[in-house]
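I opened a new notebook page for this chain. My plan is to go from the overall layout to single contacts.

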Amino acid sequence: MTNDLRFALVTFDNVKKAIEVQKDIFPHEDGTLNLLASLDRKLFIDITGKEYLDDNVKYYLAFLGNEPVGITGLYCYLNMYPRDAWIAWYGVKSQYRKKGFGREILHWTICKARDEGYKNIRLYTDSKENIEAIKLYEKLGFVGEKYRREALSYDCYIYSKSLSGGEVEPWNDKMLYLANQSELDQLDYKK
């Protein structure tokens, strides 16, 4: 990669910056509770009264010098799908798009998941709202499948990539509880 990004784990010291970056990238969604849950699951449960299904979630800010240019996250569903890493809240701030940062952040995320021993990396996205990101996923070998298991307010696709160099293991419409995630996003707006 050529942009010389550095990555920093999101902690209580930089979570406000992470929230700002996330809101710049996703102005119509709010991941504040997701970011807080990654730091203190009990705090999340106390605030929402709900269990958090994603396990081992960690977020990372991508910096160019001292300026954050994007964010990425990794999590898994340990009890349901322990071989799969999932990408969370991945994106690049609007003023840094179309400069190679998205590819670099995504490549770093893929390598991180591989280093952590996962067999597959996956993400879900709205196929109508994220067309440019989908082009990048496909260039990097992700394969998309329509997600029909739940009734959602958006056109959801699961994108998957093998981390072992073999064929992509299809998702096959297994349950993800994304309606629950959408409910949490609405709670964020109310907080």
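This is a predicted model: local features need pLDDT of at least 70, side-chain atom pairs count only at pLDDT 80 or more; totals for chains, interfaces and linings use all residues.

**Entry 1: charges over rings.** I looked up lysines first. K174 lies over the face of W171, and the distance to the ring centre is 4.5 Å. Then I turned to arginines. R6 sits over the face of F63, at 4.4 Å from the ring centre.

**Entry 2: layout.** I went through the elements of the protein chain. I noted six helices and eight strands. From the N terminus, I read the order as β-α-α-α-β-β-β-β-α-β-α-β-β-α. The chain has 191 residues, and 49% of them count as buried. The exposed surface comes to about 9,800 Å², with carbon and sulfur atoms supplying 49% of it.

**Entry 3: aromatic pairs.** How many aromatic pairs does the whole structure hold? My search gave 14. I took W86 and W171 as one example. Their ring centres are 5.1 Å apart and their planes stand at 90°, so I logged the pair as edge-to-face. The pair links distant parts of the chain, 85 residues apart. W86 is in strand β4 (residues 81-87), while W171 is in the loop between β8 (156-162) and α6 (178-190). Are W86 and W171 buried or exposed? Both are buried.

I next took Y137 and Y159. Here the centres are 5.8 Å apart and the planes meet at 50°, so this pair is tilted. Y137 belongs to helix α5 (residues 131-139) and Y159 to strand β8, 22 residues apart. I put Y137 at 5% relative accessible area, so it is buried. Y159 also counts as buried, because its relative accessibility is 5% and the cut-off is under 20%.

I also found an aromatic cluster. Its members are Y75, Y77, Y81, W86 and W171. K174, from my first entry, lies over the face of W171.

**Entry 4: helix α1.** Which residues of α1 (residues 15-25) are buried? I listed V15, A18, I19, V21, Q22 and I25. They cover an arc of only 165° around the axis, so they fall on the same side of α1.

**Entry 5: around strand β6.** I looked at burial first. Six of the seven residues of β6 (residues 120-126) are buried. Then I followed the pairing. β4 and β6 run parallel and are joined by three bridges. A85 has I121 in β6 as its bridge partner. β6 pairs with β8 in the antiparallel sense, over seven bridges. T125 has Y157 in β8 as its bridge partner.

**Entry 6: K146.** I found K146 in strand β7 (residues 143-146). Its relative accessibility is 26%, so I marked K146 as partly exposed. What does K146 contact, leaving aside its neighbours within four places in sequence? I noted D155, C156, Y157 and D173. I also checked K146 against I158, 12 residues apart along the chain. Their C-alpha atoms are separated by 6.4 Å.

Conventions. Residues are numbered from 1 along each chain as its sequence is written. Side-chain values use heavy atoms; hydrogens and water are left out. Helices (H or I, at least four residues) and strands (E, at least two) are DSSP runs, numbered from the N terminus. Buried means under 20% relative accessible area, exposed over 50%, partly exposed in between (1.4 Å probe, protein chains only). Accessible areas come from the Shrake-Rupley method with a 1.4 Å probe; for residues, only the protein chains shown count as cover. Rings of Phe, Tyr and Trp (its six-membered ring) pair if their centres lie within 6.5 Å; planes under 30 degrees apart count as stacked, over 60 as edge-to-face and the rest as tilted. A charge sits over a ring if NZ of Lys or CZ of Arg is within 6 Å of the ring centre and within 35 degrees of the ring normal. The arc is that of the directions from the helix axis to the C-beta atoms. Two strands pair if DSSP finds at least two bridges between them. Contact means heavy atoms within 4.5 Å.
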